[in-house]
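Dear colleague,

I am handing over the structure we spoke about, and I would be grateful if you could look through it before reading my notes.

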Amino acid sequence: AAELLKHSWAGWPASGVEGRFLAWVDALIMPQLNHDMLNHLPLANWQATVAECKAQLATLTGRRHLWDEALAWWHKVIDAYVQPCGECQETSRDLFHSQFGLGGLIQLAEMAWQQGVDLYSYQNNKLFTAMEFHAYITNGGKPKECCYELKGIGFLPCGWEVGYNHYKGCMGWDMPQTAKMLAANRPEKYVFHWGLGTLTHYQTAELLHKRPAPA
């Protein structure tokens, strides 16, 4: 919202909102985003969320070092967190936490896409596979890779509509499990800092160029 106002509202500079907001971020939020503890925890939803937050701040402020840090965290997390089959490190913990992690990865991928950087296709579209994997669980299925009790099954509006809009709307690839899950949960509500994806992304990429699905 701040990014939209900054580039569309003539009164933004005089309002002083950005300066006050960034002073608060630098004093209270940035020390948490740079806390050494993040280097000693398993790569999971915390680091995905930190990467997403830094990318948001980089987009708003133009601070290049934050963008570089965000992308570095994103690659570290997706390499360690998401398996080739789509299973996440936290899938065995519960579906809520795995959705937290996927949400951060998806929403940063969307920010990067808007900046001309394609993270969506990374490692043969690993996010595509992870979305379908977890949507299948939300829809009541149990992947063969899950040889454990599935917990915390439920829908959270953390990037699903955003990722679906890219893969289905922009790329033209079918995502039957994600489509089924979203159809049962639209419109996306607002939870934590996620949500409202139906409002911002639903069918917005339908007219973009369609490309072949991954092999």
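F21 is a residue of helix α3, which runs over residues 17–33. Please keep in mind throughout that this is a predicted model. With a relative accessible area of 34%, F21 is partly exposed, and together with V17, W24 and L28 it makes up a nonpolar patch on the surface, whose accessible area comes to about 360 Å² in total.

Which residues of α5 are buried? They are L66, W67, A70, L71, W73, W74, V77, I78 and Y81. These residues lie on the same side of α5, because the arc that they cover around the axis is only 165°. As for their partners, the buried residues of α5 pack against helix α3, against α4 (45–61), against α6 (95–114) and against α7 (122–138).

G62 counts as exposed, its relative accessibility being 58%. If you take H35 as a reference point, G62 is 27 residues away from H35 in sequence, while the two C-alpha atoms are 22 Å apart in space.

Within helix α6 I would draw your attention to Q99, which is buried, with a relative accessible area of 1%. What does Q99 touch, once residues up to four places away in sequence are not counted? The contacts are with G154, F155, L156, C158 and W160.

Turning to charged pairs, a search of the whole structure finds eight salt bridges, and I describe three of those pairs here.

The pair K6 and E18 forms a salt bridge in which the closest N and O atoms are 3.2 Å apart. Since K6 lies in helix α1 (residues 2–8) and E18 in helix α3, this pair ties together parts that are 12 residues apart in sequence. K6 is partly exposed, at a relative accessible area of 26%, whereas E18, at 15% relative accessibility, counts as buried.

A salt bridge also forms between E69 and K54, and here the closest N and O atoms are 2.8 Å apart. E69 belongs to helix α5 and K54 to helix α4, so the pair ties together parts that are 15 residues apart in sequence. E69 has a relative accessible area of 29% and is therefore partly exposed, while K54 counts as buried, with a relative accessibility of 3%.

The side chains of E90 and R93 likewise meet in a salt bridge, at 2.8 Å from N to O. In this pair E90 is buried, its relative accessible area being 7%, but R93 counts as partly exposed at 45% relative accessibility.

R186 and P187 are joined by a cis peptide bond, for which omega is about -5°. P187 itself lies in the loop that runs between α9 (176–185) and β1 (190–191).

Where in the structure is Q123, a residue other than glycine whose phi is positive, with a value near 50°? Q123 lies in helix α7, and at 38% relative accessibility it counts as partly exposed. N125, which is placed in helix α7, is again a residue other than glycine with a positive phi, in this case near 60°. N125 is buried, with a relative accessible area of 8%.

With kind regards

Methods
Residues numbered from 1 in each chain as written. Predicted model: local features only at pLDDT ≥ 70, side-chain atom pairs only at ≥ 80, totals over all residues. Heavy atoms only, no water. Patch = residues over 30% accessible without salt bridge, like charges linked within 9 Å, V, L, I, M, F, W, Y side chains within 5 Å. Areas by Shrake-Rupley, 256 points an atom, 1.4 Å probe, with all protein chains shown as cover. Salt bridge = Lys/Arg side-chain N within 4 Å of Asp/Glu carboxyl O. Helix = DSSP H or I, 4+ residues; strand = E, 2+ residues; numbered from the N terminus. Buried < 20%, exposed > 50% of the residue type's maximum accessible area, 1.4 Å probe, protein only. Arc of directions from axis to C-beta. Contact = heavy atoms within 4.5 Å.
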